[in-house]
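Let's take a walk through this chain together. Keep the viewer open and follow along as we go.

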Amino acid sequence: MLAEHPAVRDAFVTVHEPVPGDRRLVGYWTPAAGAGARPEELAAHCAVRLPDYMVPSAFVALEALPLNANGKVDRGVLPVPGRGALRSGTAHVPPRTPTEKALGAIWSEVLGVEEIGVHDRFFDLGGHSLLMIKVLAAARAAGLAVSVYRMYQHDTLIDLAAAVDEDTAAGARAGGSQSADAESATSGAAAETQASAGTAPASSAEAGGSPAEAAGSAVGAVSAGGARASGAAGSSGEAVAPAAVAAGSSGEAVVFTAAAAAPGVPTPAPGVDAAAPTVAVSAELLAALLEQAAGGDPGRAGSGVVAEAAALLGAARREAPGVRGEDRDPLAEGLTAAMAERHVPGVALAVIRDGAVAELRGHGTLEAGGSDPVTERTLFQVGSISKHLTAFAVLRLVHEGLIDLDADIDGYLTSWHLADDPAAPGTVTVRTLLGHRAGLARHRSVGFRPGEQLPTLLDLLEGRPPVTTPRVRRELPPGEVFRKSSTHYWVLQQVLEDVTGEPFETLMRRLVLDPLGLADTSFDQEHPRTAGLPVALGHDAHGTPLSGGWRERAHLAAAGLWTTAGDAARFVLAVRDALLGAPGALVPQALARELLAGETGTFYGLGTIVDDTGDDLEFGHGGEPSGYWNMAISRMHGGTGFVALTNADSGKAVVKYLTAELGRRDATFGSGRLAADWRREDPAGALPAVLAPVVTDEERA
């Protein structure tokens, strides 16, 4: 995957072990002539097709890969990754305050990174959920009031240190208490995380040294060793509260307890000193941490430390007394963790159960670093989900007799025509356009910052300024190959406008949005400015806001939709009603089933992703416009599904978490081959075409 980046000539990925037991992938690469790339750019490229745990934590540029006498890469002489190879994307600014220095020392030791800067993010430096437990334990032993919640809420060193100082000052004003229980209570019950330091000094002053000195000694006690799970029956037959234990190099043990009970001091594991530093997290949050540690790979979760800790978690859930479901929000806990680790500022979620919208909720903020929250009515740009609505509108026109799915589009087009090509003969129809089977050349999906000159649809089709892509043309014989390309929907949009004489946005409002009561939804590119609703701004994979906030497009049918999670879920349910032949459905059942008609193995019908290989047919669509990552999916018969809208390019990891969580609630959800392939993302490249990334002609050039 790394070798496919245009700036890379040769690549080699191997395992680096900065400290015993902490194995990380490192990518070594040589640049193509005149090319270059930052580590964060290479990481983002790999993340398109690889699960999180397979994306290297560092990328080391070399003039040439060192080879041994057999012509193979000589691993022994590969350089150790330096700070510049890490995918942090930030300039180094050394820690300045005592707390920054103390936390920096802990991060440096745990992560094996020599220089830690105040703007570095823990997860960008190779940190992960289980390493975070070591950081928490070392911080507590050094007298720093750090919790799971604070580490996810403030992922840069400077922000985390400032939060710790603020919590310490607040604790002193309240009577000197600096326990993490107090910090957690201040942070809100939703976090439901606590940490306690046993007999560790309550402050660095009590320890007789600076925070940095305390941190240095604390790290030595927790940085080495692995983890083991233990849980045993007491002599009286009562179960001892299970705990996971990380043995330190000094023989000291760090305990983190899967505490599903009310806040309190965790019970140590058998044989563990009760005075040892402890870190407590809720059972559901620990489940999310373990899932992230396994990278979403069930195989990795089935063995080793992760499996042992998972077994401990199950025991804790069984044994925890008196915990009421209404006292905690497990979905929110795991969602918050996934968002923080992948730099996703905001998520809007609609959960579908039994064919109805059962939950609507917003998480996070409209913009990274901001305070305005994502709400149930926050607008997101949803990209290719637009195609799903477009296909539904086309079926309404078919029902009205204005369009034939299998007629030559040349009979409908009046404003523009698709040129013939002897190398790609055949009839292009509405059906082949909807199903990505018309064989059109792939061109870059063009987006423009708000305020920039926006091209017309005809500019796109003709390839004239301000567009830089060429004229849309045939490339393959229509009907022969499934190949995703937004150009199919560029042409389809022109067909619809020429047939009806209506602008696309007006047409979609008449055919779909108004009849379904989707008042917050629009294809109008002015909608985020005129709707009077909160707007989620787009962010890149590192949580940096897009310049201008989002991108505007002329190709509305392909990627122009703005909507809310609730409206998107209501549309999904309207499609389900039509597929099941429910009374009052907008499209007759026989015609609606055309959405599901595609070539076997492509998992794509007409503007609809379809998976019929599991216990129940699942349908929907995803959307990945610049700065956003979205998914809408439902089971046809069972009526279970969700809509997840995120405002970051890295939102895929959040959607994967939601897919897994829904699968835990409903074992039949996501049981098909497509969902399994999507979760696994086979690095060998054996992905179904519908999941494979689109490589445009411009990118190939």
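Helices and strands here are DSSP runs numbered from the N terminus, where a helix is H or I over at least four residues and a strand is E over at least two. You're looking at a predicted model, in which local features need pLDDT of at least 70, side-chain atom pairs count only at pLDDT 80 or more, and totals for chains, interfaces and linings use all residues. Residues are numbered from 1 along each chain as its sequence is written, and side-chain values use heavy atoms, with hydrogens and water left out.

First, the overview. The chain has 23 helices and 16 strands. Buried residues account for 54% of its 701 residues; buried means under 20% relative accessible area, exposed means over 50%, and partly exposed is in between, using a 1.4 Å probe and protein chains only. Take the contacts (heavy atoms within 4.5 Å) with a separation of 6 or more: residues 24 or more positions apart make up 67% of them.

Now go to strand 9, which covers residues 346-353. Of its eight residues, seven are buried, leaving the strand mostly covered. Two strands count as paired if DSSP finds at least two bridges between them. Strand 9 pairs in the antiparallel sense with strand 10 (residues 356-364) over eight bridges, and I352 has V357 in strand 10 as its bridge partner. Strand 9 also pairs with strand 16 (residues 641-646), again antiparallel, over six bridges. There, A348 stands opposite L645. As a reminder, side chains in a regular strand alternate between the two faces of the sheet.

Strands 9 and 10 form a hairpin with two residues between them. Where does D354 sit? D354 is in the loop between strand 9 and strand 10. Its phi is near 55°, a positive value in a residue other than glycine. Most residues other than glycine have a negative phi, and most peptide bonds are trans. D354 is exposed because its relative accessible area is 72%.

Compare that with F603, in the loop between helix 20 (589-592) and strand 13 (609-611). F603 has a positive phi too, near 60°. At 8% relative accessibility, though, F603 counts as buried.

Rolling a probe the size of a water molecule over the atoms shows where empty space is left. On a 1 Å grid over the protein atoms alone, a cavity is a set of points where a 1.4 Å probe fits but cannot get out, and lining residues have an atom within 4 Å of a point. Grid points are joined across faces, edges and corners, and a volume is the space filled by probe spheres set on the points. The count comes to three cavities of 30 Å³ or more.

The largest cavity has a volume of about 60 Å³. It is lined by L331, L349, V351, F642, L658, E661, L662 and R665. Helix 21 (652-665) and strand 9 each supply at least two of the lining residues, and helix 21 has the largest share, with four. For classes, Ala, Val, Leu, Ile, Met, Phe, Trp, Tyr, Cys and Pro count as nonpolar, Asp, Glu, Lys and Arg as charged, and the others, Gly among them, as polar. By that scheme the lining of the largest cavity has six nonpolar, no polar and two charged residues.

The second largest cavity holds about 40 Å³ of space. Its lining includes L389, T521 and F571, and helix 19 (residues 565-580) gives the most to it, with three residues.

Next, find E462 in helix 14 (residues 457-462). E462 is partly exposed, at 32% relative accessibility. Its C-alpha atom is 6.6 Å from that of V472, ten residues apart along the chain. Leaving out residues up to four places away in sequence, E462 touches W416 and R471. In the loop between helix 14 and helix 15 you'll find P466, and the peptide bond from P465 to P466 is cis, with omega near 5°.

Finish at H488, which lies in helix 15 (residues 487-500). Is H488 buried or exposed? H488 is buried, because its relative accessible area is 1%. Its side chain makes a polar contact with the side chain of H436 at 3.3 Å. (A polar contact is a pair of N or O atoms within 3.5 Å; within protein, one must be able to donate a hydrogen and the other to accept it, and residues adjacent in sequence count only if both atoms are side-chain atoms.) Among the other residues that H488 touches are L433, R437 and R483.

Notes
On a 1 Å grid over the protein atoms alone, a cavity is a set of points where a 1.4 Å probe fits but cannot get out, and a pocket is an open set with protein on both sides within 12 Å along at least five of seven lines; lining residues have an atom within 4 Å of a point.
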